[in-house]
Amino acid sequence: MTVHANQLSALADALAVVLPLGEPADIALHAFFRSRTRMGVRDRAFVAEGVFATLRRLRSLTRHAGTSTPRGLAIAAVLRELGVSLRELEPVLSEEELAWAKELKARKPELSPAESADLPDWLWSKLDATLPAGERDLLVRALLSSAPLDLRVNTLKMTRDAVRSALAGQGIASEPTPFSPIGLRVTGKPSLKDQPLFADGAIEVQDEGSQLLGYLVAPRRSDMVVDFCAGAGGKALMLGALMRSQGRLYAFDVSPQRLARLKPRLARSGLSNVQPTLIEHERDLKIKRLAGKIDRVLVDAPCSGFGTLRRNPDLKWRQSQASIDRFAALQSRILAASAGLLKPGGRLVYATCSVLPEENDAIVEGFLNAHPRYALRDAIGELARAGIAIDGGPYMRLYPHRHGCDGFFAAVMERVS
């Protein structure tokens, strides 16, 4: 692999923008690319790959490199993570950099377990206390890899087989996802934005784990449903399709920017039963007006996102114990507020893309202890009714090393009186 001087310089410049970690890495990198309007597609791909490889391995790279400068980390990442040999990189290095790079190749510092796992100490300690050692190590290794590209088929428009065939006709290979009956896992990372299937709303990018949440909600066609933290609407669009564009689905969110991203997706989808609704907070009057009227509620709560570190590796460096505590308090408030929407016999699904018990089991158990009118149901049994076989119960726990998708947690509860 040939690396040009301008590519290495661009990677170092991008790291200088991203590594302060003052905002999400994808947003910072997007701003960087907007400022480099003449940068070609291949150069952008090289920079993006280098930035995310650096973020995944930031702690061990810094130890090996003995520096945290953007240029030094760029060289280290290219040599250690992108598979470029020193001979290939030598023409774009100064004499001083070449001598340093030769030392880097030979250097083998002794790393702590957390450094080897490329995690902050506090997060390593949490995983160590949560999982058996073997399971912990498998999860940590999986989180250091890149995530696959999963698609959800809009079954209002096409079948999964028809989409797969159409993609193949465009030179894009895919396989059915192992669990979701409407998912496809694409080979590689092709650009989809110009694909006719995407423009027509026949496909959406959605991790398989996220797709399984829809089968836990299991909405009926005539139901009134609330997606309480809808974001840009990926799960709301799936729920609307499961309802065959019937009934009514409220997509709540506190961010007008996120709901704005839902609108073009909704237009492509062909759905007429989804109503994007901006709320101020979990006690908004719009929520109170629906109290006791709703059949199904999905709470995909704001969380640390640690189940998504394969695609968002910066999260492990941007979060802290204090942020986990803040998330847990917010999650408890949202779950309690959303439960008031349900009619007797209604279903409440609480989910996160976290693997930490404080954001998962503890939130559900605290809610059930304080709200005796709600009972825990078997999430794994609900998936089985949809023909989806996953071990465990009563909670759904998904891990990248076991299931190939992002890490997810979900609990199914019912209002019994």
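In which loop is Pro394 found? Pro394 lies in the loop between helix H20 (379-385) and strand S11 (396-398), where helices (H or I, at least four residues) and strands (E, at least two) are DSSP runs, numbered from the N terminus. The peptide bond from Gly393 to Pro394 is cis, with omega near -5°.

The structure is a predicted model, in which local features need pLDDT of at least 70 and side-chain atom pairs count only at pLDDT 80 or more, while totals for chains, interfaces and linings use all residues. Residues are numbered from 1 along each chain as its sequence is written, and side-chain values use heavy atoms, with hydrogens and water left out.

Two packed helices are described by the angle between their axes and the distance between the axes. Helix H1 (residues 5-18) packs against helix H2 (residues 25-34) at an angle of about 130°, and their axes are 9 Å apart. Axes are lines fitted to C-alpha atoms, for helices over the stretch in contact, and angles run from 0 to 180 degrees between N-to-C directions. H1 and H2 are therefore oblique to each other (angles under 35 degrees count as roughly parallel, over 145 as roughly antiparallel, 65 to 115 as roughly perpendicular and the rest as oblique). On the H1 side, Ala10, Asp13, Ala14, Val17 and Val18 meet Ala25, Ala28, Leu29 and Phe32 of H2, contact meaning heavy atoms within 4.5 Å. The residues of this contact comprise eight nonpolar, no polar and one charged (Ala, Val, Leu, Ile, Met, Phe, Trp, Tyr, Cys and Pro count as nonpolar, Asp, Glu, Lys and Arg as charged, and the others, Gly among them, as polar). Leu21 is located in the loop between H1 and H2; its phi is near 60°, a positive value in a residue other than glycine.

An open sheet is formed by four strands in the order S2-S3-S1-S4, with antiparallel pairing (two strands pair if DSSP finds at least two bridges between them). Strand S2 (174-176) and strand S4 (203-205) are at the edges, each with a single partner strand, so one side of each has no neighbour in the sheet. From one strand to the next, the twist averages 35°. Strand S1 (residues 149-153) pairs with strand S3 (residues 183-186) in the antiparallel sense over four bridges, and Asp150 stands opposite Arg185 in S3.

Arg244 also has a positive phi, of about 60°, although it is not a glycine. Arg244 is placed in the loop between helix H14 (234-242) and strand S6 (248-253).
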